[in-house]
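Hello,

Here is the structure for you to look over. My notes follow below it.

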Amino acid sequence: MSTHPEQWTHWVEKACTALDLDPADVDIDLVHELSKNVSHEVTRPLAPVSSYLLGIVVGRRLERGEPVDAAAQREIADRVPLTD
């Protein structure tokens with residue numbers, strides 16, 4: 001069950017279309033939760049960096065042919081340190 005506003009989904013779909021990505025591969029709630037946690041527990045300026053790092057790891061796993069389902073993405077996000 002998603003917890004984000006409908007317009008977020010719409011924007012992600014538009015962005016994915018523009019970037020030739022599948023919107024089904026984007027877990028908005030996970031990315032938002034990760035960036036919120038980093039923002040509150042570490043520092044706000046690192047919130048977008050944490051999302052970028054998640055994307056890099058997912059991309060590298062996909063390049064290696066490894067599956068990156070929702071559980072794998074959650075495992076990656078859970079490894080991001082929330083202390084400096």
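**Pocket, salt bridges and surface**

D25 sits in the loop between helix 1 and helix 2 (helices are DSSP runs of H or I, at least four residues, numbered from the N terminus). This is a predicted model, in which local features need pLDDT of at least 70 and side-chain atom pairs pLDDT 80 or more, while totals for chains, interfaces and linings use all residues. Residues are numbered from 1 along each chain as its sequence is written, and side-chain values use heavy atoms, with hydrogens and water left out.

D25 counts as exposed because its relative accessibility is 54% (buried is under 20% relative accessible area, exposed over 50%, partly exposed in between, with a 1.4 Å probe and protein chains only). D25 and A70 are 45 residues apart in sequence, yet 8.7 Å apart in space, C-alpha to C-alpha.

D25 is also one of the residues nearest the centre of the largest pocket, along with L21, V26, D27 and V31. A pocket here is an open set of points on a 1 Å grid over the protein atoms alone, where a 1.4 Å probe fits, with protein on both sides within 12 Å along at least five of seven lines; lining residues have an atom within 4 Å of a point. The volume is about 850 Å³, taken as the space filled by probe spheres set on the points. The lining has 26 residues. Helix 3 gives the most, seven. Helices 1 (6-19), 2 (28-41) and 4 (70-78) each supply at least two.

Now the charged pairs. There are five salt bridges in the whole structure (a side-chain nitrogen of Lys or Arg within 4 Å of a carboxyl oxygen of Asp or Glu).

- R61 pairs with E75, closest N and O atoms 3.3 Å apart. This links distant parts of the chain, helix 3 to helix 4, 14 residues apart. R61 is buried, at 14% relative accessibility. E75 is partly exposed, at 34%.
- R79 also bridges to E75, at 3.1 Å. R79 is exposed, at 55%.
- E66 and R64 form a salt bridge at 2.7 Å. E66 is partly exposed, at 31%, and R64 is exposed, at 54%.
- E33, R74 and D78 are linked in a salt-bridge network.

Last, the surface. L46, V49, Y52 and L53 form a nonpolar patch with about 380 Å² of accessible area together (Shrake-Rupley, 1.4 Å probe). Patch residues have over 30% relative accessible area and no salt bridge; nonpolar side chains are joined within 5 Å, like charges within 9 Å. L53 lies in helix 3 (47-63) and is partly exposed, at 45%.

Best wishes
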